[in-house]
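Open the model in your viewer and keep the selection tool at hand.

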Amino acid sequence: MRLGVFGGTFDPVHYGHLIAAETCRQQFGLDEIRFVPAAVSPHKLDSVVSNGDLRADMLSFAVSGYPEFIVDRRELKRTGPSFTVDTLSEFAREFPDAELYFLMGADSLRDFLTWKSPERISELATLLACNRPGVDPLSESQIIEWVGDDIAKRVHSVVIPGTDLSATDLRRRVAHGLGIRFCTPRAVEAYIHQHGLYLPKSKSVQ
């Protein structure tokens with residue numbers, strides 16, 4: 001079994017996330033991809049992040065009808081920062097016969113050596129570095145420069161097609177009263193409006 005693990009805040013999930021997951025699923029023959037929303041991202045300790053259950057609910061709406069995509073809430077049940085090495089270690093114990101693949105943004109690879117136990121992460125899983133649309137894929141020399149020769153052997157650069165979307169831009173658009181139609185699945189868009197997410201506090205739904 002080839003099991004993909006896709007971590008992140010997903011605040012909110014959008015089509016860019018889904019296209020990245022589907023591209024990796026097809027390109028590497030992944031049998032299943034687990035979307036793992038972080039409770040507290042160690043890379044965003046100073047950022048305000050929406051409630052974890054709300055983010056997981058939006059993910060569930062987004063992947064509904066796609067059995068290969070599963071929302072995994074394990075990090076939301078843990079206290080403290082959500083470290084990738086801990087999550088991958090759990091998956092390795094639960095699925096001892098699975099080949100693990102970790103989906104990440106190519107830009108995150110630049111800081112990968114500052115993560116907790118980067119060498120162990122690369123031992124547990126093959127790293128799939130997904131570039132943003134319109135950005136050249138990482139070259140082998142660039143990957144080596146960022147993570148070194150040993151870890152670079154476990155990294156694949158993945159070219160993601162489609163439109164360039166970011167959760168930051170979606171939050172900004174909602175806060176300014178702009179639409180997010182066709183940026184995220186309709187069910188997620190409705191959920192955001194229903195719960196008043198990303199609005200200035202004075203306009204939030206109580």
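Buried means under 20% relative accessible area, exposed means over 50%, and partly exposed lies in between (1.4 Å probe, protein chains only). By that rule Arg74 is buried, because its relative accessible area is 12%.

Two notes before you go on. This is a predicted model, where local features need pLDDT of at least 70, side-chain atom pairs count only at pLDDT 80 or more, and totals for chains, interfaces and linings use all residues. Residues are numbered from 1 along each chain as its sequence is written, and side-chain values use heavy atoms, with hydrogens and water left out.

**Stop 1: the sheet**

Select the strands (DSSP runs of E, at least two residues; helices are runs of H or I, at least four; both are numbered from the N terminus). Two strands pair if DSSP finds at least two bridges between them. Six strands form an open sheet with parallel pairing, in the order β3-β2-β1-β4-β5-β6. At the edges stand β3 (69–71) and β6 (155–158); each has a single partner strand, so one side of each has no neighbour in the sheet. On average, neighbouring strands are turned by 25° against each other, direction ignored. Axes here are lines fitted to C-alpha atoms, for helices over the stretch in contact, and angles run from 0 to 180 degrees between N-to-C directions.

Now pick β1 (residues 2–8) and β4 (residues 99–105). They pair in the parallel sense over five bridges. Click Phe6: its bridge partner in β4 is Leu103.

Next, show helix α1 (residues 15–28). It lies across β1, β2 (32–37), β3, β4, β5 (125–130) and β6, and runs at about 120° to β6. Contact means heavy atoms within 4.5 Å.

**Stop 2: salt bridges**

A salt bridge is a side-chain nitrogen of Lys or Arg within 4 Å of a carboxyl oxygen of Asp or Glu. The structure holds 15 of them.

Select Glu99 and Arg2. Their closest N and O atoms are 3.6 Å apart. Glu99 sits in β4 and Arg2 in β1, so this pair ties together parts 97 residues apart in sequence. Glu99 is partly exposed at 37%, and Arg2 is partly exposed at 32%.

Move to Glu90 and Arg74, a salt bridge of 2.9 Å, N to O. Glu90 is in helix α3 (residues 84–94), and Arg74 is in the loop between β3 and α3, 16 residues apart. Both belong to a salt-bridge network that also links Glu32, Arg34, Asp72, Glu75, Arg78 and Glu94.

Which residue forms a salt bridge with Arg186? Select Glu189; the closest N and O atoms are 3.2 Å apart. Glu189 is buried at 7%, whereas Arg186 is exposed at 55%.
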